[in-house]
Amino acid sequence: MEESDEIRSARSMRRRILGDEYVDGVTVEPDPVAAEFQDYVTSMAWGVWAREGALSVRDRSLLVLAMTAALGRMEEFRLHASCTAQTGVTDDELDELQFQIAAYCGAPAGIAARRAIRAVRAVRAERDEDER
């Protein structure tokens with residue numbers, strides 16, 4: 001079966017944002033159901049990132065961060081918070097987003113987001129130090 005342009009675009013966007021190492025790590029499983037599931041998630045979630053429209057990649061990133069925090073999906077929040085260099089979200093915007101999360105999703109969600117952002121920044125600082 002031939003791949004559609006949409007799934008190719010979605011896969012490309014996923015790799016652009018999350019990186020080859022991450023995507024290869026979650027798609028390596030030889031189980032055909034797991035592969036089908038990854039294609040489904042890629043098509044559904046990353047297809048919306050790849051579509052044309054009024055929202056930029058940066059806008060979509062901020063929305064995903066806010067929604068994952070609102071849902072308490074902090075593992076996914078951390079993943080996307082670690083990719084802000086690829087999406088154009090600045091540290092200042094991420095800091096401001098915490099206030100929006102706390103105001104609209106509650107203090108526990110805001111606090112959890114803050115912890116996740118601090119952890120992501122600590123890993124980034126360590127990586128930057130190792131590269132020096």
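Is Gln 38 buried or exposed? Gln 38 is buried, with a relative accessible area of 15%, where buried means under 20% and exposed over 50% (1.4 Å probe, protein chains only).

The model is predicted, so that local features need pLDDT of at least 70 and side-chain atom pairs count only at pLDDT 80 or more, whereas totals for chains, interfaces and linings use all residues. Residues are numbered from 1 along each chain as its sequence is written, and side-chain values use heavy atoms, with hydrogens and water left out.

Gln 38 belongs to helix H3 (residues 32–50), helices being DSSP runs (H or I) of at least four residues, numbered from the N terminus. The side chains of Gln 38 and Arg 14 are joined by a polar contact of 2.9 Å, that is, a pair of N or O atoms within 3.5 Å, one able to donate a hydrogen and the other to accept it.

H3 also gives the largest share of the lining of the largest pocket, eight residues. A pocket is an open set of points on a 1 Å grid where a 1.4 Å probe fits, with protein on both sides within 12 Å along at least five of seven lines, and its lining residues have an atom within 4 Å of a point.

| Pocket | Volume |
|---|---|
| Largest pocket | About 510 Å³ |
| Second largest pocket | About 320 Å³ |

Of the 15 residues lining the second largest pocket, Ala 81, Ser 82, Cys 83, Val 120 and Arg 127 are the closest to its centre.

Terms used. Helix = DSSP H or I, 4+ residues; strand = E, 2+ residues; numbered from the N terminus. Points joined across faces, edges and corners; volume = space filled by probe spheres on them.
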